[in-house]
Amino acid sequence: MSMGSWFRDYVFYPLFTSASMRSLGKAVKNRFGTGASNRICLYLSTIILWTTTGLWHGTGLNFIAWGLCNGIIILVSQELTPFYNKFHGKFPGAEANTCYRAFQCLRTFTLMSIVNVLDLYPDIKLAGSQIFGMFSGAGLAEVLATAKNGLGIVPLDWIAAGIGLLLMLTFSLKERRENVYEAIAAKGSTAVIATAVILAFAVIIFGIYGIGYDASQFIYNQF
């Protein structure tokens, strides 16, 4: 079970269906209507869920802010569903359009990159300045100046990054057409074992790659 599944099954659902939440929903419904009742229960449960997720990662304000940002993005996206439906009704071929799908990927990648800055800096003010610097003229100029010198990355690093990106892109595109795990399992035990061996070697090779590698500093060892 993934962390997300655990929080969904043992935090969100019990909270959303709890007697206290039902009582709150009933009180809001009597005063403001069904729509407000559904929203307040969903919003409150989602915010608590993501705040808890942030606290699981760490007790610093940056982790709480990280969790809240994820929850808010999900809720905003849900509120914009009627707009999305209207847009796709007007442009039914958008989902199949390569440019539009690329825009969707870039949008999600940008949002998550901004939010994940909070993972890197325990000081929220510093994280905010770093986020602002990503879009300011000075920050862009610094990135371009550093890029001229190769971003401090040696050719071997570029090769490793390129291989990793190619593998992720290939897997993602194939996953859009079929479940990769089920497809491998359908080919029999030999294919499953071969895949497991390849993945094990990939973990060994890429897992120890990098300067100052230390197994004890695995990203989740502190949580």
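**Close-up 1. Asn62 and the residues it touches.** Asn62 touches Leu118, Tyr121, Pro122 and Ile124, leaving aside residues up to four places away in sequence; contact means heavy atoms within 4.5 Å. The model is predicted: local features need pLDDT of at least 70, side-chain atom pairs count only at pLDDT 80 or more, and totals for chains, interfaces and linings use all residues. Residues are numbered from 1 along each chain as its sequence is written, and side-chain values use heavy atoms, with hydrogens and water left out. Asn62 is found in helix H4; helices (H or I, at least four residues) and strands (E, at least two) are DSSP runs, numbered from the N terminus. With a relative accessible area of 3%, Asn62 is buried. Buried means under 20% relative accessible area, exposed means over 50%, and partly exposed lies in between (1.4 Å probe, protein chains only).

**Close-up 2. Helix H2 against helix H3.** Two packed helices are described by the angle between their axes and the distance between the axes. Helix H2 (residues 19–32) packs with helix H3 (residues 34–57) at an angle of about 145°, and their axes are 7 Å apart. Axes are lines fitted to C-alpha atoms, for helices over the stretch in contact, and angles run from 0 to 180 degrees between N-to-C directions. On the H2 side the contact is made by Met21, Leu24, Gly25, Lys26, Val28, Lys29 and Phe32. H3 contributes Thr34, Ala36, Ser37, Ile40, Cys41, Leu44 and Ser45. By class, this contact of H2 with H3 has eight nonpolar, four polar and two charged residues. Ala, Val, Leu, Ile, Met, Phe, Trp, Tyr, Cys and Pro count as nonpolar, Asp, Glu, Lys and Arg as charged, and the others, Gly among them, as polar.

**Close-up 3. Lys29 of helix H2.** Lys29 lies in helix H2 and is partly exposed, at 44% relative accessibility. Residues up to four places away in sequence aside, Lys29 touches Thr34 and Ser37. The C-alpha atoms of Lys29 and Ile40 are separated by 9.7 Å, and the two residues are eleven apart along the chain.

**Close-up 4. Helix H4 against helix H5.** Helix H4 (residues 61–79) and helix H5 (residues 81–90) pack at an angle of about 50°, with 4 Å between their axes. H4 and H5 are therefore oblique to each other; angles under 35 degrees count as roughly parallel, over 145 as roughly antiparallel, 65 to 115 as roughly perpendicular and the rest as oblique. Ser77, Gln78 and Glu79 of H4 make the contact with Thr81, Pro82 and Tyr84 of H5. These residues divide into two nonpolar, three polar and one charged.

**Close-up 5. The salt bridge of Arg39 and Glu79.** The side chains of Arg39 and Glu79 meet in a salt bridge (2.9 Å, N to O), that is, a side-chain nitrogen of Lys or Arg within 4 Å of a carboxyl oxygen of Asp or Glu. The pair links distant parts of the chain, with Arg39 in helix H3 and Glu79 in helix H4, 40 residues apart. Arg39 is partly exposed at 40% relative accessibility, and Glu79 is partly exposed at 34%.
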